[in-house]
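Try each task before you read its solution.

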Amino acid sequence: MASTLAQFRTKIRRYLKETNPNTSFWGDDFVDQLFNAQYRKRCTQLIMAFEGWFVNVSVRDVTASTSRYAFPDGFLRLHKLELVRTDGRTIPIQRYERHYESNMADSTTGVTGDSYRPFYRLQGNGFVLEPTPSETVTNGMQLEWAGVPTLLSATGDTCHPSFPEIFEELLVIDTVVNAFDAEGQMESGLVRSLLRQRMELEEQFERFIEMRSVSRTEVVPFIIYENE
């Protein structure tokens, strides 16, 4: 059974040797802050594994003459973008960064209904469909995306169901290490521990922004002509 925030606090304080939060150097609010920071750090590592961790499924209308659409709140990484056909089939939309070809306007495509099959490209906190749809279809798109796991704040809160329960102790030890770092910083006035934590997060941040969507790159092979 997954541990609650109250149980996490108890485990953390056993390592810290200060079980009473009222007389402890580390109050409950500070312990919660350290714990949630490590929790989201580990969740980020899971999301970067591209294995479907913390994936949500949302539907979005396809709107006539509208090419740009925003990602849902809490969006982190796009796993799959699909069109939903009238018979319930879902058709994946491929990512394509257009640099040389012209973008066909909706009035010139002549492609409507279930024949519409665009490409998408990322733009800001959303994406652009090309060519632009010429018809409005309710719930015409389906998105699979990784979202921000909710922070633990109430005593009965538990980690996201996708978080591997077997590694909950790792979150406890992560928090304890950062708690001792914080104490050392206060006593010595040094910022080495904060610099180390910042370096670790910065390295993960750079990896995280390398690709906002899980995409497949296709290579068209060269055509080999045989000598006649």
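Two strands count as paired if DSSP finds at least two bridges between them. Keep in mind that this is a predicted model.

**Exercise 1. Work out the strand order of the open sheet, and which strands lie at its edges.**

Solution. 
- Step 1: Trace the sheet, and you will find three strands in the order β2-β6-β5 with antiparallel pairing.
- Step 2: Look for strands that pair on one side only; these are β2 (68-70) and β5 (119-123), the edge strands.
- Step 3: Neighbouring strands here are turned by 30° against each other on average, with direction ignored.

**Exercise 2. How many bridges join β5 and β6, and which residue is the bridge partner of Arg-121?**

Solution. 
- Step 1: Strand β6 covers residues 126-130, and its antiparallel pairing with β5 runs over five bridges.
- Step 2: Find Arg-121 and look across to β6, where Val-128 is its bridge partner.
- Step 3: As background, strands of a sheet pair through backbone hydrogen bonds, either parallel or antiparallel.

**Exercise 3. Is Gln-204 buried or exposed?**

Solution. 
- Step 1: Locate Gln-204 in helix α5, which spans residues 192-208.
- Step 2: Buried means under 20% relative accessible area.
- Step 3: Gln-204 has 10% relative accessibility, so it counts as buried.
- Step 4: Leaving aside residues up to four places away in sequence, Gln-204 touches Lys-41, Thr-44, Gln-45 and Met-48.

Terms used: Residues numbered from 1 in each chain as written. Predicted model: local features only at pLDDT ≥ 70, side-chain atom pairs only at ≥ 80, totals over all residues. Heavy atoms only, no water. Helix = DSSP H or I, 4+ residues; strand = E, 2+ residues; numbered from the N terminus. Axes fitted to C-alpha atoms, helices over the stretch in contact; angles between N-to-C directions. Buried < 20%, exposed > 50% of the residue type's maximum accessible area, 1.4 Å probe, protein only. Contact = heavy atoms within 4.5 Å.
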